[in-house]
Amino acid sequence: MCTTTLHRMIPLLIMRARAYLSVCFRKNVSIFLFLALCIFFFLLYRIEIMEVVTSIKVQHFPNIGWTVSQCQNKVSTSITSTTEPHKNIATCTFQPLSTEEAVEIDSLLDSIAWPETLPLLSSFFLNETSDPAHSSVTILPRRGGGQWHIGDELEVFIKICDFYGRPKTNGGDVLLARLHSPSLLAGVAGQVVDHNNGSYSAVFFLPWEGSALVEVTLVHSSEAVTVLQSLTQEQPDRIYFQSLFRSGSVTETTTCNVCLNAAQQQLCNYTDLHTGDPWFCYKPKTLACDARVTHTYGGFRKTLSPKEEKLFQSDVNMKVVIPASGPANITVLPTLKDQPKMKSSLVTNRPSGFYYMGLWQALDGTIIRQFNTSTAVSQCLKGKTVHLYGDSTIRQWFEYLNNALPDLKEFDLHSLKKNGPFMALDYANNILVTYRCHGPPIRFSTVPVSQLHYVANELDSVDGGTNTVVVIGIWSHFSTYPIEVYIRRLQSIRKAVVRLLSRAPGTRVIIRTANPKALTVYETLTNSDWYSMQRDKVLRAMFEGVEVHLVDAWEMSLAHQLPHSLHPQAPIIKNMIDVLLSHICVGITTVRDPK
């Protein structure tokens with residue numbers, strides 16, 4: 001009886017419940033819609049987080065403690081420390097790679113693969129590492145015999161020994177070579193070949209007549225390279241950045257970088273929506289992510305052991321000239337008619353140019369003109385807009401042009417002196433020159449977030465044309481990161497360059513390469529010539545075949561008699577600007593100032 005009654009009541013209760021819910025829904029439709037949207041966006045958020053965290057396919061950071069995991073819509077990156085795997089786990093996102101881009105990255109990594117260096121034990125002895133004082137440089141006889149003539153190639157044998165004078169049996173040392181003549185203000189960069197057994201060759205093209213002095217410098221021992229490689233693997237965030245967040249009178253400062261430890265605290269994601277370049281900051285405790293107002297260089301974490309630091313001693317084993325075991329100089333004679341040139345089988349490429357009487361001369365057929373007066377520079381740039389994008393080595397070019405042209409007047413944009421953006425105008429000659437730094441990572445002090453622009457995005461906003469010049473120089477601020485981060489940035493810039501040249505074929509695009517610099521321990525750990533050398537090779541390879549012109553800052557600094565510097569001295573900059581203007585003003589005859 002009770003059971004039968006209950007069965008009859010259930011349908012009635014269900015009908016009443018449906019009627020009640022229908023009335024509630026009609027009365028509270030806005031509330032229901034709001035709750036539904038909240039659930040929908042929450043699910044999307046969870047899906048996005050799962051895409052970032054879940055690894056499906058590992059790509060491209062296999063040997064350096066960074067792993068790239070490609071998901072359905074994103075590529076996520078995890079940084080892991082081999083020494084503290086549970087304390088340094090970070091996540092960042094990249095745009096997915098095309099098949100062609102993935103193949104290119106693999107090819108680039110193969111092209112810059114460094115000879116394997118021996119593991120560095122904690123108990124290693126400094127006396128068993130490479131010592132330039134006990135090493136030697138020997139000029140080899142001319143192939144085929146006889147004397148050297150212009151156009152020949154000079155080959156030099158280099159033997160690296162340790163502090164006991166014992167020959168090394170492994171390769172991996174970082175060497176720079178140049179041939180120069182102080183009396184002729186001449187110089188040319190040499191190419192170094194590692195034989196992977198403690199011996200090396202340096203090959204020099206002979207472009208001038210007269211005396212020539214061989215100089216080979218040990219930049220880093222192979223043991224030092226092991227440390228530098230380890231730093232990239234285990235401490236890619238040793239340079240860190242900070243951002244100021246402000247809302248009214250409330251301010252907070254947090255740490256920022258390409259990748260951060262997501263397990264430590266919540267992150268603010270500032271990844272560029274167009275280029276896909278990742279950037280993260282730790283979320284402030286009380287302020288919102290959109291309250292970020294500035295970006296600044298935060299500092300440097302130095303974790304070398306005392307023994308490791310001894311591998312980076314100036315005048316001992318870092319940037320020290322290796323002595324010659326015999327004569328260090330030769331005499332080059334004029335070219336003989338119909339005489340075959342003696343070329344080395346070790347290298348296939350010539351240097352890009354050389355100095356003679358202090359002036360840079362190209363070896364690729366480019367005619368380098370001398371723009372020695374402000375009138376000559378103004379004539380070249382008349383009617384043109386020059387956009388300079390990059391780091392402080394490109395800002396140096398803006399400063400040079402601004403000082404060289406008295407009629408070029410800089411606007412006060414209320415920018416900090418070293419940060420930019422900058423703009424200068426010569427109204428009479430219709431010349432506009434601008435400078436803007438590249439997007440993060442950028443080690444400048446206190447850049448407003450509104451001024452953090454990625455080069456690729458800037459290029460997409462340039463109309464272009466025959467009166468537009470674009471100059472790009474980006475390398476120095478990427479040295480502490482795995483090379484793949486730099487490659488990904490260049491891939492986005494190259495795409496933008498190709499788009500620009502496609503819509504405006506007459507646009508002149510100039511790329512400035514990296515250059516060697518003076519080294520202290522700090523400079524070495526953050527911007528060693530070894531790091532710069534790798535990025536220089538990648539830059540050249542990636543823009544090969546693109547309609548751009550290179551200003552070879554690497555060889556122009558290496559071949560010059562002046563000491564290396566991150567910001568090369570005025571005579572080198574003057575030659576770089578002459579190369580730049582020669583690419584801009586092809587076929588234009590320069591004039592002299594009236595006397």
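Partly exposed, as used here, lies between two cut-offs: buried means under 20% relative accessible area, and exposed means over 50%. Keep those cut-offs in mind on this tour.

**Stop 1: the whole chain**

Show everything first. This is a predicted model. The protein chain has 13 helices and 28 strands. Of its 595 residues, 51% count as buried. Among contacts with a separation of 6 or more, 73% are between residues 24 or more positions apart.

Now colour by confidence. The mean pLDDT of the chain is 85, and 82% of the residues reach 70 or more. Select residues 42-89: here the pLDDT is below 50, though the stretch has 103 contacts in the model beyond near neighbours in sequence. Then select residues 588-595. There pLDDT stays under 50 too, and the model has 15 contacts beyond four places in sequence. Where pLDDT is low, the predicted coordinates should not be read in detail.

**Stop 2**

The structure holds 17 salt bridges. Side chains of opposite charge can pair when their charged atoms come close.

Start with Lys-302 and Glu-309. They form a salt bridge, with the closest N and O atoms 3.1 Å apart. Is Lys-302 buried or partly exposed? Its relative accessibility is 46%, so Lys-302 counts as partly exposed. Glu-309, with a relative accessible area of 29%, is partly exposed.

Next, select Asp-162 and Arg-166. Their side chains meet in a salt bridge at 3.0 Å, N to O. Asp-162 is buried, with a relative accessible area of 3%. Arg-166 is partly exposed, at 41% relative accessibility.

**Stop 2**

Go to Leu-185. This residue sits in the loop between strand S7 (174-181) and strand S8 (186-189). Leu-185 is partly exposed, with a relative accessible area of 35%.

Then move to Met-357, in the loop between strand S19 (353-356) and strand S20 (359-362). Phi of Met-357 is near 55°, a positive value in a residue other than glycine. At 47% relative accessibility, Met-357 counts as partly exposed.

**Stop 3: an open sheet**

Select seven strands: S22, S23, S24, S21, S26, S27 and S28. In that order they form an open sheet, and the pairing is mixed. Which strands are at the edges? They are S22 (409-410) and S28 (549-551), each pairing on one side only.

Zoom in on S21 (residues 385-390) and S26 (residues 468-473). These two run parallel, joined by six bridges. Pick Tyr-389 and look across to S26: its bridge partner there is Ile-472.

**Stop 4: cis prolines**

Select Gly-420 and Pro-421. The peptide bond between them is cis, with omega near 5°. Pro-421 lies in the loop between S22 and strand S23 (422-426).

Now select Pro-440 and Pro-441. A cis peptide bond joins them, with omega about 5°. Pro-441 is in the loop between S24 and strand S25 (447-448).

**Stop 6**

Show Arg-436 and Glu-458. They form a salt bridge, with the closest N and O atoms 3.6 Å apart. The pair links distant parts of the chain, 22 residues apart: Arg-436 is in strand S24 (residues 431-437) and Glu-458 is in helix H8 (residues 455-460). Both Arg-436 and Glu-458 are buried.

**Stop 5: Ile-493 and its contacts**

Follow the chain to helix H9 (residues 483-503) and pick Ile-493. Ile-493 is buried, with a relative accessible area of 1%. What does Ile-493 contact, leaving aside neighbours within four places in sequence? The partners are Val-455, Ala-456, Leu-459, Ile-472, Ile-474 and Phe-543. Val-455 is 38 residues away along the chain, yet the two C-alpha atoms are separated by 6.4 Å. Ile-472 is also the bridge partner of Tyr-389.

**Stop 6**

Select Asp-536 in helix H11 (residues 529-542). Asp-536 counts as buried, at 6% relative accessibility. Its side chain makes a polar contact with the side chain of Arg-540, at 2.7 Å. Not counting residues up to four places away in sequence, Asp-536 touches Thr-513, Ala-514 and Trp-554.

**Stop 7: helix H13**

End at helix H13. Its 15 residues (570-584) should span 21 Å at 1.5 Å a residue, and the end C-alpha atoms are 21 Å apart, which agrees. H13 is mostly covered, with 13 of its 15 residues buried.

Methods
Residues numbered from 1 in each chain as written. Predicted model: local features only at pLDDT ≥ 70, side-chain atom pairs only at ≥ 80, totals over all residues. Heavy atoms only, no water. Pairing = 2+ DSSP bridges. Helix = DSSP H or I, 4+ residues; strand = E, 2+ residues; numbered from the N terminus. Expected span 1.5 Å × (residues − 1). Buried < 20%, exposed > 50% of the residue type's maximum accessible area, 1.4 Å probe, protein only. pLDDT = per-residue confidence, 0-100. Contact = heavy atoms within 4.5 Å. Polar contact = N/O pair within 3.5 Å; in protein donor to acceptor, adjacent residues only side chain to side chain. Salt bridge = Lys/Arg side-chain N within 4 Å of Asp/Glu carboxyl O.
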